[in-house]
Amino acid sequence: MPVEGGGSSGSASAARHPKQKRKAHSLSIRRTNSTEDRPLGILRGDMLEGQDSKLPLAVRNNLLDLFGQIEREFENLYIENIELRREIDSLNERLTGDGQAIEGGDPTKGALKAKASHSTSQLSQKLKTTYKASTSKIVSSFKATTGSRALCQLLKEYVGHRDGIWDLSVTRTQPVVLGTASADHSALLWSIETGKCLLRYAGHAGSVNSIKFHPTEQMALTASGDQMAHIWRYMVQLPAPPPPPDVSAPCDDDQDSSDREEGEVDGDGPTEVPTVRVATATMKSHQGVVIAADWLVGGRQVVTASWDRAANLYEVETSELVHTLTGHDQELTHCCTHPTQRLVVTSSRDTTFRLWDFRDPSIHSVNVFQGHTDTVTSAVFTVGDNVVSGSDDRTVKVWDLKNMRSPIATIRTDSAVNRISVSANQRIIALPHDNRQVRLFDMSGVRLARLPRSNRMGHRRMVCCTAWNEENQACNLFTCGFDRQAIGWNINIAALLQEK
């Protein structure tokens with residue numbers, strides 16, 4: 001979760017349970033040595049009496065006592081073993097009396113074999129059932145991509161931040177650039193083709209938690225842990241594009257990168273980059289971390305979401321606070337606006353998301369949705385009449401704006417879901433996970449692909465956000481994570497949907 005000064009990671013410690021004392025045994029073992037009644041320490045003392053030792057007497061006695069404890073422990077184990085053998089013999093006698101012993105063989109071995117065979121058959125049946133169930137799930141999940149020509153081509157890696165990247169976005173106007181928001185208190189603009197950093201915004205005094213671009217002008221909106229949201233203008237010139245990369249991998253690549261899990265991207269950040277330090281407008285009415293912000297349709301108003309449990313609506317031209325949206329019981333985690341209507345959706349740690357309707361200036365209605373059991377990390381609109389929500393409860397739910405009593409589709413995953421995104425043209429949902437995976441689903445909940453992750457590509461730590469950039473049939477998906485880098489992917493959507 002973004003914090004005011006940057007990211008932090010928790011640590012856990014494991015406590016060792018004290019070893020349970022073994023029960024005392026009343027059995028006696030006959031000794032043939034004449035010294036059996038003498039204390040153990042005295043016997044060892046007599047044995048070492050004539051030996052020349054430089055150890056102090058206290059140390060020697062301590063060692064002898066420890067050796068004595070080891071011997072007693074071993075003796076208890078030995079006695080326990082004898083008792084277990086007796087129980088086995090008694091059990092075998094009962095089995096032999098019931099006619100379960102194997103004829104012509106050792107009764108003990110026969111009974112043990114019969115019992116072991118029964119247990120083995122039960123275990124084998126359980127393994128077969130589990131294997132069949134897991135195999136069917138695997139086959140069904142890869143059904144849409146197995147044998148397809150779908151490729152996820154690594155487009156570019158964007159390296160330069162000094163801390164984790166919380167959010168990223170693509171401009172809606174020319175020139176098309178990528179923006180990233182980081183816990184290092186900065187936002188960077190990148191050339192998508194070359195991976196070169198074009199501009200840095202350094203006007204915030206805290207972690208930059210989100211970045212969104214104006215729908216028609218060269219302006220960016222950033223939210224920060226300094227309890228403020230900034231609007232700032234940018235001017236960039238794109239460099240000449242490099243030759244296309246020759247790195248590709250199937251979307252259903254199952255390679256792992258566990259040996260790279262703790263690694264991080266090297267780099268001290270871009271040097272000699274134009275820097276903007278002054279905001280055009282500042283929104284500062286919140287009393288806590290501003291976790292997200294977005295432009296309303298038309299770009300004349302913005303909405304911000306904060307850890308103070310409120311969302312604020314501002315006029316861009318005057319920075320004036322228009323409305324304060326209250327009702328959530330805990331901190332807000334995200335906010336999103338509809339692309340064509342005056343609708344806002346806010347998500348919260350209180351396991352709900354709320355839909356705010358500003359289409360009628362005189363009536364501002366709100367609807368509360370309780371479809372998750374843990375923090376709702378994000379809820380976003382699609383081009384159609386749908387809302388897609390993701391949660392720490394490891395589910396993603398698709399809702400119909402016309403009837404939001406229950407979700408029309410539920411996607412269950414194996415890891416918490418962070419800030420999701422939906423492609424505008426094909427409506428493909430991209431899920432970033434805490435476990436470093438990025439998965440693609442359609443709106444009906446069918447899994448289409450998983451981005452490749454290996455020692456050569458993919459994120460090394462949790463993936464925080466995804467963002468789409470679509471041009472005809474060529475789709476670019478951008479991901480960012482707490483490994484300080486953003487990654488661009490070229491995804492053949494047409495090939496994905498052909499096998500659906």
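Author: A patch is made of residues with over 30% relative accessible area and no salt bridge, nonpolar side chains (Val, Leu, Ile, Met, Phe, Trp, Tyr) being joined within 5 Å and like charges within 9 Å. The model is predicted, so to speak of local features requires pLDDT of at least 70 and side-chain atom pairs count only at pLDDT 80 or more, while totals for chains, interfaces and linings use all residues. Residues are numbered from 1 along each chain as its sequence is written, and side-chain values use heavy atoms, with hydrogens and water left out.

I start with the pocket. The largest pocket holds about 1,000 Å³ of space, a pocket being an open set of points on a 1 Å grid over the protein atoms alone, with protein on both sides within 12 Å along at least five of seven lines, and lining residues having an atom within 4 Å of a point; its volume is the space filled by probe spheres set on the points, which are joined across faces, edges and corners. Its lining comprises 38 residues, and Val 170, Arg 172, Val 422, Ala 424 and Trp 468 are the ones nearest the centre. Strand 2 (165-170), strand 6, strand 12 (290-295), strand 16 (332-337), strand 20 (376-381), strand 24 (421-422) and strand 28 (463-471) each contribute at least two lining residues, strands being DSSP runs of E with at least two residues, and helices runs of H or I with at least four, numbered from the N terminus. Strand 28 gives the most, with seven residues. By class, the lining of the largest pocket has 19 nonpolar, twelve polar and seven charged residues, where Ala, Val, Leu, Ile, Met, Phe, Trp, Tyr, Cys and Pro count as nonpolar, Asp, Glu, Lys and Arg as charged, and the others, Gly among them, as polar.

The largest cavity contains about 40 Å³ of space, and among the residues lining it are Arg 436, Leu 451, Gly 458 and Trp 489. Its lining divides into four nonpolar, three polar and two charged residues.

On the surface, Leu 55, Val 59, Leu 63, Leu 66, Phe 67 and Ile 70 make up a nonpolar patch, with about 530 Å² of accessible area together, by the Shrake-Rupley method with a 1.4 Å probe and only the protein chains shown as cover. Leu 63 belongs to helix 2 (residues 57-97), and its relative accessible area of 35% makes it partly exposed, between buried (under 20%) and exposed (over 50%).

Helix 2 also carries Arg 86 and Glu 83, three residues apart, about one turn of the helix. Their side chains meet in a salt bridge (3.2 Å, N to O), that is, a side-chain nitrogen of Lys or Arg within 4 Å of a carboxyl oxygen of Asp or Glu. Arg 86 is partly exposed at 49%, as is Glu 83 at 25%.

The structure holds eight salt bridges. Glu 217 pairs with Arg 233, their closest N and O atoms being 3.3 Å apart; this pair links distant parts of the chain, with Glu 217 in the loop between strand 6 (208-213) and strand 7 (219-224), and Arg 233 in strand 8 (residues 229-233). Asp 357 and Arg 359 form a salt bridge at 2.7 Å, N to O, in which Asp 357 is buried at 15%, whereas Arg 359 is partly exposed at 47%. Asp 167, Lys 212 and Arg 419 are joined in a network of salt bridges.

Technical notes
Buried means under 20% relative accessible area, exposed over 50%, partly exposed in between (1.4 Å probe, protein chains only). On a 1 Å grid over the protein atoms alone, a cavity is a set of points where a 1.4 Å probe fits but cannot get out, and a pocket is an open set with protein on both sides within 12 Å along at least five of seven lines; lining residues have an atom within 4 Å of a point.
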